[in-house]
Number of protein chains: 2
Amino acid sequence: MIAIKRFSSADADFKARLDALLAFEGAQDDTVDRTVAGILADVKTRGDAAVIDYTNRFDRLSVSSMGELELPASALQAALDGLPTAQRAALEAAAARVRSYHQRQPLQGWQYEEADGTLLGQKVTPLDRVGLYVPGGKAAYPSSVLMNAIPAHVAGVGELIMVVPTPGGEKNALVLAAAALAGVDRVFTIGGAQAVGALAYGTQTVPQVDKIVGPGNAYVAAAKRRVFGVVGIDMVAGPSEILVVCDGQTNPDWVAMDLFSQAEHDELAQSILVSPDAAFLDRVAEAIERLLPTMPRQAVIRAALENRGALIAVRDLDEACALANRIAPEHLELSIADAENWLPKIRHAGAIFIGRYTSESLGDYCAGPNHVLPTSGSARFSSPLGVYDFQKRSSLIRVSHAGAQTLGRIAATLAEGEGLTAHARSAEYRLD
Amino acid sequence: MIAIKRFSSADADFKARLDALLAFEGAQDDTVDRTVAGILADVKTRGDAAVIDYTNRFDRLSVSSMGELELPASALQAALDGLPTAQRAALEAAAARVRSYHQRQPLQGWQYEEADGTLLGQKVTPLDRVGLYVPGGKAAYPSSVLMNAIPAHVAGVGELIMVVPTPGGEKNALVLAAAALAGVDRVFTIGGAQAVGALAYGTQTVPQVDKIVGPGNAYVAAAKRRVFGVVGIDMVAGPSEILVVCDGQTNPDWVAMDLFSQAEHDELAQSILVSPDAAFLDRVAEAIERLLPTMPRQAVIRAALENRGALIAVRDLDEACALANRIAPEHLELSIADAENWLPKIRHAGAIFIGRYTSESLGDYCAGPNHVLPTSGSARFSSPLGVYDFQKRSSLIRVSHAGAQTLGRIAATLAEGEGLTAHARSAEYRLD
């Protein structure tokens with residue numbers, strides 16, 4: 001028996017149970033944070049030498065120069081050329097679809113002129129150089145390389161530097177193939193806080209970047225948090241989540257497998273099903289029992305479902321949508337008839353999968369939109385990774401001689417009110 | 001004599017001098033950080049009671065309920081009604097211009113359908129609730145209230161909660177007037193890490209927000225950094241900066257005063273002038289000497305100019321633009337003939353002030369663009385505060401029955417490559 005939580009919005013303690021289910025705050029471990037602070041300071045001071053030391057220690061290597069920690073372009077191309085045909089075709093098809101979607105995203109600059117000749121606007125430029133962190137080991141996903149690198153390229157980023165640790169020297173051919181396909185410019189086989197430090201501060205060999213994106217373990221997350229400000233970072237991701245809202249008419253096996261597909265990522269991943277049809281929840285519970293033993297990662301799936309999963313009965317689909325907004329899930333499946341009609345009621349979700357045929361896994365790989373999405377309720381205030389994360393805006397202001405007369409008086413009055421005399425005088429100097 | 005640094009790009013040690021001039025990293029003080037961690041944990045646990053305790057202690061008050069720490073709408077309106085006519089007119093004119101500019105910024109959603117009926121897109125929604133931190137004391141600027149609140153309103157944010165400490169009970173009428181004008185919904189007279197905690201976690205009285213914006217001292221900055229993830233935050237701002245690029249043809253007094261207008265903010269503010277005309281640098285240095293004694297904040301200006309200011313000679317305007325990109329200043333004045341022509345060469349700056357009549361102070365108050373801008377070189381990767389900071393995107397994916405056949409095969413191949421069997425099976429279930 002799988003002990004997945006079952007409850008209903010009609011329960012007296014529903015709010016408390018829901019709050020407890022959703023409670024998750026990425027622990028900011030003080031020990032990790034202190035270790036990371038030390039590594040970052042050391043990399044900032046000693047550069048390459050520190051990176052080499054930590055890499056030898058943490059990744060069990062024995063290199064003596066940074067040259068041994070950089071992969072040539074030929075190694076990436078060889079990995080791509082070495083893929084089985086079907087895998088290469090799938091990777092190329094996914095890359096093409098992801099590129100096509102993201103080409104709709106670039107921000108455009110604009111400007112307008114006022115009657116007195118004053119011009120206002122916004123200029124958009126790409127970042128010069130971006131660092132892409134790719135984890136080593138079990139969580140190294142070629143799809144993540146595509147999802148991070150392609151938007152940067154579409155934005156027009158000048159140079160893309162990837163870091164990926166190779167513990168014990170082990171390389172992931174699929175990851176390198178994806179890097180070749182996505183047009184990564186340089187790859188260093190380093191990881192952890194030392195790689196984040198190298199990208200943030202630059203070393204003799206690793207160029208300083210303007211922003212670091214990509215997932216990583218607790219050390220990487222703590223390091224990104226610390227260098228935020230010196231460079232930009234994407235969000236610090238929590239465990240993956242799916243919320244399936246179903247009217248009870250989807251094949252229960254499909255829904256069970258969709259719940260599994262989040263749960264298999266991580267024992268802390270969260271899979272929740274919400275339905276107004278309590279009998280359907282029973283059928284999905286039965287499917288979960290029956291299908292779980294067939295899954296290679298059944299231990300992880302079971303742990304995730306028992307830790308953080310739930311099957312929740314609601315009054316109706318309106319209440320289900322309200323619950324979706326409360327949860328603000330990373331992935332939301334609307335597995336219901338005429339699903340588009342419910343879309344206006346959804347305010348907070350990273351990605352919305354509309355209709356019974358849209359399994360979340362299609363979005364993970366090849367539908368086109370990005371699979372880097374806000375977790376832990378942060379869809380309340382943040383967005384999928386996109387081209388816009390690799391562009392920035394500059395305000396444009398050209399005040400005409402005539403405009404300076406009008407604006408100068410307003411500015412001087414407000415500046416005096418704030419006690420900022422130089423601001424006032426600087427505006428007044430431009431008055432005739 | 002004011003000891004403002006003078007150097008030239010022709011100097012042998014130019015790069016080292018420039019690096020030293022620009023070196024500034026917001027210290028992450030461990031003592032501050034530990035204090036803040038304690039306050040946040042306490043506010044999270046004890047809610048209102050903790051907020052009351054800290055407010056009494058740090059702001060030297062003796063209130064016993066949160067009711068005493070909330071200002072009614074009538075108090076804001078009274079502050080607005082009490083302003084001198086000229087000040088009120090100036091504030092209203094500024095608010096109108098800021099609103100008009102920001103109304104060009106809202107993001108729009110989009111979607112497109114593929115030949116097989118698959119639909120992809122992006123939905124844009126405003127944040128539900130935003131917290132606006134406003135400092136008490138010397139750095140309390142009504143213009144900042146406008147610059148933070150207006151974009152939130154234009155975005156369609158549902159509720160805007162302002163917090164502003166009143167140390168010793170002292171309120172700033174201009175700040176409250178600006179809050180009334182900008183349509184702030186509720187105002188609590190609390191500050192520091194306790195206010196950040198109240199907004200991030202919610203208390204019995206203070207509603208939990210989705211994002212916290214606005215400047216603050218080291219405790220506020222550390223608290224914002226810590227709650228990032230639970231809520232969104234704007235950037236953690238460093239000291240203000242201006243870079244003036246001048247061809248030598250602007251009135252030296254104007255340029256000196258523009259440099260002062262940053263320097264008067266803060267002893268750590270940075271004012272830099274770059275010109276290919278060395279004789280012009282002399283004239284500005286002379287103007288600085290002559291004008292400084294006339295400034296009420298001359299001690300702050302002197303300290304800032306001597307700490308972090310510089311007059312830099314360059315070979316030509318091309319080199320000046322390259323230097324501007326290296327510095328990525330918060331404010332960049334192009335005080336040169338045909339200034340627009342140089343715009344394509346500028347890649348990194350928070351706001352670009354084009355032409356001799358465009359003093360930076362006009363942008364601070366009323367030109368229209370936001371005055372919350374990326375500092376400390378972060379214009380390399382970030383943007384002015386804008387309407388887009390109060391909106392977020394959700395990806396839309398509706399895969400048709402036909403689309404699921406094509407995409408399912410691609411996804412299944414890639415999922416198998418990553419060892420994620422549930423992902424593969426979930427896609428395969430949708431195959432006919």
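Predicted model: local features only at pLDDT ≥ 70, side-chain atom pairs only at ≥ 80, totals over all residues.
A polar contact is a pair of N or O atoms within 3.5 Å; within protein, one must be able to donate a hydrogen and the other to accept it, and residues adjacent in sequence count only if both atoms are side-chain atoms.

**Stop 1: chain A as a whole**

Along the principal axes, the C-alpha trace of chain A spans about 80 × 60 × 45 Å. Of the 432 residues in chain A, 62% are buried. Take the contacts in chain A between residues at least 6 apart in sequence: 74% of them join residues at least 24 apart.

**Stop 2: where chain A meets chain B**

In contact across the interface are 122 residues of chain A and 122 residues of chain B. About 10,800 Å² is buried between chain A and chain B, and carbon and sulfur atoms give 57% of that area. Between the two chains there are 71 residue pairs in polar contact, both residues being at pLDDT 80 or more.

To see one of them, select Arg347(A) and Asp128(B), which form a salt bridge with their closest N and O atoms 2.9 Å apart.

**Stop 3: Thr358(A)**

Go to the loop between strand 14 (351-354) and helix 14 of chain A, where Thr358(A) is found. Is Thr358(A) buried or exposed? Thr358(A) has a relative accessible area of 0%, so it counts as buried. Show the residues around it: leaving out those up to four places away in sequence, Thr358(A) touches Glu333(A) and Phe353(A) in chain A, and Ile397(B), Arg398(B) and Val399(B) in chain B. The side chain of Thr358(A) reaches the backbone nitrogen of Val399(B) at 2.7 Å.

**Stop 4: the annotated binding-site residues**

Select Ser240(A), Gln262(A), His265(A), His331(A), Asp364(A), Glu418(A) and His423(A), which an unreviewed UniProt entry covers with the annotation "binding site". These residues are spread over 184 residues of sequence and also in space, up to 55.2 Å between C-alpha atoms.

Zoom in on Asp364(A), in helix 14 (residues 360-365) of chain A. Asp364(A) is buried, with a relative accessible area of 7%. Apart from neighbours within four places in sequence, Asp364(A) is in contact with Ser143(A), Met147(A), His265(A), His331(A), His371(A) and His423(B).

His265(A) counts as partly exposed because its relative accessibility is 22%, whereas buried means under 20%. Not counting residues up to four places away in sequence, His265(A) touches Tyr141(A), Ser240(A), Arg297(A), Val300(A) and Asp364(A), together with Leu420(B) and His423(B) from the other chain.

**Stop 5: helix 7 of chain B**

Finally, select helix 7 (residues 173-182) of chain B. Which residues of helix 7 of chain B are buried? They are Leu174(B), Val175(B), Leu176(B), Ala177(B), Ala178(B), Ala179(B), Leu181(B) and Ala182(B). Because eight of its 10 residues are buried, helix 7 of chain B is largely enclosed by the rest of the structure.

Show what covers these buried residues. The cover includes helix 15 of chain A, along with strand 2 (70-71), helix 4 (73-81), helix 5 (85-102), helix 6 (142-155) and strand 6 (159-163) of chain B.

Then look at the two ends. At the start of helix 7 of chain B, a side-chain oxygen of Asn172(B) reaches to within 3.0 Å of the backbone nitrogen of Leu174(B). After helix 7 of chain B comes Gly183(B), with a positive phi near 75°.

Terms used:
Residues numbered from 1 in each chain as written. Chains lettered and ligands numbered in written order. Heavy atoms only, no water. UniProt positions renumbered as here; feature names shortened; annotations may be inferred. Buried < 20%, exposed > 50% of the residue type's maximum accessible area, 1.4 Å probe, protein only. Contact = heavy atoms within 4.5 Å. Helix = DSSP H or I, 4+ residues; strand = E, 2+ residues; numbered from the N terminus. Buried area = accessible area lost by both parts, 1.4 Å probe. Salt bridge = Lys/Arg side-chain N within 4 Å of Asp/Glu carboxyl O.
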